[in-house]
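Let's take a walk through this structure and see what the atoms tell us. Have the sequence and the 3D view ready.

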Protein chains: 2
Amino acid sequence: MRSLKAMAVGLAIVAASPLYAGEWGTGALMVIIEREKGSVLVVDSTQDHKILGRVEGLGVLQHASIAFSRDGRYAYVISRDSLLSKVDLIQLKLTAQVKTGSSAVGLAVTQDGRHIAVSQYKPPGVVIVRDSDFKIAKTIPTGGKTVGLVDAPDNLLVFADMENDSVLVIDAGKADFPVIKKFDDVGAEPYDGFLTPDARRYVAGFFLSPWMGVLDLWRMDKVEKIPLPARGDLSGEMPVLKVPHLEGWFDAGGYLFAPIVGGEGLAVIDAATWKTVDTIELRAHPIFAVVRPDQRQIWINYAMGKYHDTVDVVDVDSRKVIKTLTPGGKVFHLHFALKGMVAYVSSYADNSVLVYDTKTFEVITRIPAQGPSGIFCTDRAGKFGL
Amino acid sequence: MRSLKAMAVGLAIVAASPLYAGEWGTGALMVIIEREKGSVLVVDSTQDHKILGRVEGLGVLQHASIAFSRDGRYAYVISRDSLLSKVDLIQLKLTAQVKTGSSAVGLAVTQDGRHIAVSQYKPPGVVIVRDSDFKIAKTIPTGGKTVGLVDAPDNLLVFADMENDSVLVIDAGKADFPVIKKFDDVGAEPYDGFLTPDARRYVAGFFLSPWMGVLDLWRMDKVEKIPLPARGDLSGEMPVLKVPHLEGWFDAGGYLFAPIVGGEGLAVIDAATWKTVDTIELRAHPIFAVVRPDQRQIWINYAMGKYHDTVDVVDVDSRKVIKTLTPGGKVFHLHFALKGMVAYVSSYADNSVLVYDTKTFEVITRIPAQGPSGIFCTDRAGKFGL
């Protein structure tokens, strides 16, 4: 009830002038993608999860993603149809927009905050947009679809070319954005990539090769092939049933907890040796496996199939599922608010984002949202690769 | 020149109504303590290091420290004379203040953001202040001076009692803030403590014992004694020449780089085994050793003595000093802005904060400040123990 009231207030803000503009800090805002509506909902996790407003007109938001300006003031939203939008989280309005192609899958803000890079399927390549005037500064064509685009230290951008089995590095600190490194034959069909939390290694996952490709950014000399376990009757083969999102491969207690391609579980990989030391069985193939900021829990969703409505909580220490939640139909994403006392879980089918207390697992509030999918906290602004 | 102009604008904001209030995000603000003036200067690192304003009347700011609300909107400043102030970084004004004792050294914001805890020398203990009304919610007396106070996951507060050689844990999630754990005989005269970056272990340093005390918060069963190297003719003895600040003991590339008590260097400690694997010689006893957010550099100041004006930059990979800077008289503190492309370095004697490009080591701008000491970035709001 409180949430519905809050929402009405939020909508009023958007419709009228931003009366409350500036009356909130931007360090712990939650920005929720409303997929069918082509909008984002802005929520303040530090003000009892109050809806501050909604910003519309952001394009086709299937598989949309968000990155933030360093001050947390602006959300950059990339749509499936390559529309890049700049949303002001104080004034609660769209302030700039540019079409970067016809099919996009991800984006990254450069370390210096001056550019937003978009990874394109069509036309294949990376498009660099200047933040100051929101014009395209550079188009870097590639032979194939680009995936796993991240910002990295030293003002670099790293990504993979899905159709040419390569990993490329762009220097975003130079005026012409040169590709300073290209590694070929890294693995067959990279489909995603991420930066390790220490910002030192770029890791690519492959559809058709049973390894991870690991690039040490301190050495920048080769992409190492680290074997990845397959499981049970899938052993030795690489059928991809669903695509796990690699962003979930987070470090916790010195281990990486990685969704297994084609398997119903997580591989536990020693972050120092890159050896798989254990596996955790799950009820289905995980889509996201997100670690709570204090590294003691991993929350897992399945999004589709029989367990579309389910979230499992894995205890990092015991490596067991300690809690099973059923937030509602089609749990597409989940994200912890700053410092992890609460988790936001989107139930797409039920038009709700549920806010859970991560200690008691009780639902604190239910935020009405129209077909919510991705959820992003502004604290990502300070983290490399996010 | 630009900085001087910016400062004039900043002062105008403070004097008049906050014309620009709300026109900045709070994710990457730098808050600088002006020690003798009893004020803080607020700078936006994402707007060309522009001074937004100054807020005065914060008490005696020798050894002052700052913690932030989770949204980055408020800075909580604790003065040497136990005056706790709440500074609004949007409206640029003091919004609340309370006297928590007569001598204080540190503070922490609880994970839930509802309370601010202050560690007192006089009267000895910890004082808990409610954020909502800024009244004292609870006073927890201890026999001795309290040091090394940090917020920890699960809404805990951890600190050490300097005169009773103990480490204590408070549950800030319970109404009466009970001390849920007390470990005695952990080492002689703890003088500071910090939380490891994974938020799992609390580490105390001692004046008179040649070890670190490490409490695993996942187990909460004992404070382990981890030997700490002494060097050269100091070996085996523990004369304390200066007090290194333990906050500098940050993890970089799997190692802790720790100022050696009584020694002129850093110990390199394997974070997995807690064994000292190397030492890095320095020109003098380091005061702060701060790691760049991408973990590739450690910046070191000496603050006093012959090298009061010097900053050494250690390369984490080679463990060598790769650059020596002389920012000016009495370099009291340094802090990286979000994502580490620039470092802010305070020169107390020269009334300047220098902003360095951490790649080229050039000075980007010089911010006029009156006797600047501590510098704090709002991105600390999202980090445990800071």
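The term salt bridge here means a side-chain nitrogen of Lys or Arg within 4 Å of a carboxyl oxygen of Asp or Glu. Side chains of opposite charge can pair when their charged atoms come close. Both B:Arg292 and B:Asp294 are buried; "buried" stands for under 20% relative accessible area, "exposed" for over 50%, and "partly exposed" for anything in between (1.4 Å probe, protein chains only).

A quick word on the ground rules: residues are numbered from 1 along each chain as its sequence is written, and chains are lettered from A and ligands numbered from 1 in the order in which they are written. Because this is a predicted model, local features need pLDDT of at least 70 and side-chain atom pairs count only at pLDDT 80 or more, while totals for chains, interfaces and linings use all residues; side-chain values use heavy atoms, with hydrogens and water left out.

## More salt bridges

Over all chains, the whole structure has 38 salt bridges. One of them joins B:Lys86 and B:Asp131 (3.0 Å, N to O). These partners sit 45 residues apart, with B:Lys86 in strand β6 (residues 83-88) and B:Asp131 in the loop between β10 (125-130) and β11 (136-141) of chain B. Helices (H or I, at least four residues) and strands (E, at least two) are DSSP runs, numbered from the N terminus. B:Lys86 has a relative accessible area of 10%, so it is buried, and B:Asp131 counts as buried too because its value is 18%.

Now for one that crosses between chains: B:Arg219 and A:Asp317 meet at 2.7 Å, N to O. B:Arg219 lies in the loop between β18 (211-216) and β19 (223-227) of chain B, and A:Asp317 in the loop between β26 (311-315) and β27 (320-325) of chain A. How accessible is B:Arg219? B:Arg219 is partly exposed, at 40%, and A:Asp317 is partly exposed at 34%.

## Where the chains meet

Chain A and chain B each bring 39 residues to their contact, where contact means heavy atoms within 4.5 Å. Together they bury about 3,700 Å², and carbon and sulfur atoms give 51% of that. Buried area is the accessible area (1.4 Å probe) that two parts lose on being put together, summed over both. A:Arg70, A:Trp218 and A:Lys339 supply 22% of what chain A buries against chain B, more than any other three residues.

Between the two chains there are 8 salt bridges. B:Asp154 and A:Lys359 make a salt bridge at 3.2 Å, N to O. There is also a network of salt bridges linking A:Glu23, B:Arg73 and B:Asp88.

The same surface serves both copies, as 100% of the contact residues of chain A recur in chain B.

## Inside one chain

What does the secondary structure of chain A come to? Chain A has 1 helix and 32 strands, and 62% of its 386 residues are buried.
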